[in-house]
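Let's take a guided walk through this fold, strand by strand.

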Amino acid sequence: MHISGQCHCGAISFTALVDPSKVIACHCTDCQVFSGAPYRAVLPTRSEDVRWTGTPQQYIKVAASGNRHTQAFCAQCGTQLYASDPDSPTVLNLRLGCVSERAQLPPVVHIWGQSALPWVPVPAGAPFHTQGLNSALMGARPSISAEPGRD
Ligand SMILES: [Zn+2]
Ligand SMILES: [Zn+2]
């Protein structure tokens, strides 16, 4: 599927050839902080299949494990564009929020359910892993329609 996208101010735009069966929703705490949202949807895409106009700013995130990850964003408006391995950026995890065709690209899998916010509904039928893609699946979540506490 061919897509296009751009940051909010328009300084950076891109076109790409993507696989709609690869969209992931990540509920990890880093994604919550970086995105300013309850979770983040990403579209893993081969970097050779993406064409950029403009140059994103990069921030290198260092995880507790020591793993480094490039976070690319627009230096003018702050829109997040992708993440990648800083040493071998063969795959770009495009941020779905800046993709024009995002309405047609629902996540097929949800990960890091152990840090998912309890009020975020997960679509029925999408696998929901406790951590990464190879981790165990989540058990039943508490119902969010339960009577709220009164105290
Ligand atoms: Zn921008
Ligand atoms: Zn994440």
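A word on terms before we start: two strands count as paired if DSSP finds at least two bridges between them. Strand E8 and strand E9 are joined by two bridges and run antiparallel, so by the rule of at least two bridges they count as a pair. Please keep in mind that the model you are looking at is predicted.

Let's begin with the whole chain. The chain holds one helix and 10 strands. Reading from the N terminus, the order of elements is β-β-β-α-β-β-β-β-β-β-β. Along the principal axes, the C-alpha atoms fill a box of roughly 50 × 35 × 35 Å. The radius of gyration is 16 Å, which agrees with the value near 15 Å that a compact globule of 151 residues would have. Of the 151 residues, 28% count as buried. As for contacts between residues at least 6 apart in sequence, 50% of them join residues at least 24 apart.

One sheet is open and has three strands in the order E1-E2-E5, paired antiparallel. Strand E1 (2-6) and strand E5 (50-53) each have a single partner strand, so one side of each is left without a neighbour in the sheet. From one strand to the next, the twist averages 15°. If you zoom in on E1 and strand E2 (residues 13-17), you will find an antiparallel pair joined by five bridges. Within this pair, Gly5 has Phe14 of E2 as its bridge partner.

Another open sheet is built from seven strands, in the order E6-E7-E8-E9-E4-E3-E10, and its pairing is mixed. Strand E6 (57-62) and strand E10 (109-111) form the edges, each pairing on one side only. Here the twist averages 30° from one strand to the next.

Let's step through part of this sheet. Strand E7 (residues 68-73) pairs with E8 in the antiparallel sense over four bridges, and Gln71 has Ala83 of E8 as its bridge partner. The hairpin of E7 and E8 has six residues between the strands, and Gly78 in this hairpin takes a positive phi near 85°. E8 and E9 also form a hairpin, with six residues between them. Ala83 turns up again in this pairing, standing opposite Asn93 in E9. Continuing from E9, strand E4 (residues 40-46) pairs antiparallel with E9 (residues 91-95) over five bridges, and Val42 stands opposite Arg95.

How much of strand E8 is buried? Four of the five residues of E8 (residues 80-84) are buried, and the strand is mostly covered. Ala72 counts as buried because it has 21 C-beta neighbours inside 10 Å, and the cut-off for burial is 20 or more. Leaving aside residues up to four places away in sequence, Ala72 touches Pro56, Gln57, Gln58, Leu81 and Tyr82. For a sense of scale, Ala72 and Trp119 lie 47 residues apart in sequence and 29 Å apart in space, C-alpha to C-alpha.

That brings us to the interior. In soluble globular proteins, nonpolar side chains tend to be buried together. In this chain, the largest nonpolar core has 30 residues, and those with the most contacts inside it are Cys26, Val42, Leu43, Leu81, Leu94, Leu96 and Val99. Two or more residues of this core come from each of E2, strand E3 (24-26), E4, E7, E8 and E9.

Not counting residues up to four places away in sequence, Cys26 touches Cys31, Tyr39, Arg40, Val42, Ile111 and Trp112.

Trp112 from that list deserves a visit of its own. Which segment holds Trp112? Trp112 is placed in the segment after E10. The phi of Trp112 is near 60°, a positive value in a residue other than glycine. Trp112 is also buried, since 24 other C-beta atoms lie within 10 Å.

Terms used:
Residues are numbered from 1 along each chain as its sequence is written. Chains are lettered from A and ligands numbered from 1 in the order in which they are written. This is a predicted model: local features need pLDDT of at least 70, side-chain atom pairs count only at pLDDT 80 or more; totals for chains, interfaces and linings use all residues. Axes are lines fitted to C-alpha atoms, for helices over the stretch in contact, and angles run from 0 to 180 degrees between N-to-C directions. A residue is buried if 20 or more other C-beta atoms lie within 10 Å of its own, exposed if 12 or fewer, and partly exposed in between; C-beta atoms are placed from the backbone. The radius of gyration is taken over C-alpha atoms; the globule rule is 2.2 Å times the number of residues to the power 0.38. Two residues are in contact if their C-beta atoms, placed from the backbone, lie within 7 Å. A nonpolar core is a set of buried Ala, Val, Leu, Ile, Met, Phe, Trp, Tyr and Cys residues joined through C-beta atoms within 7 Å.
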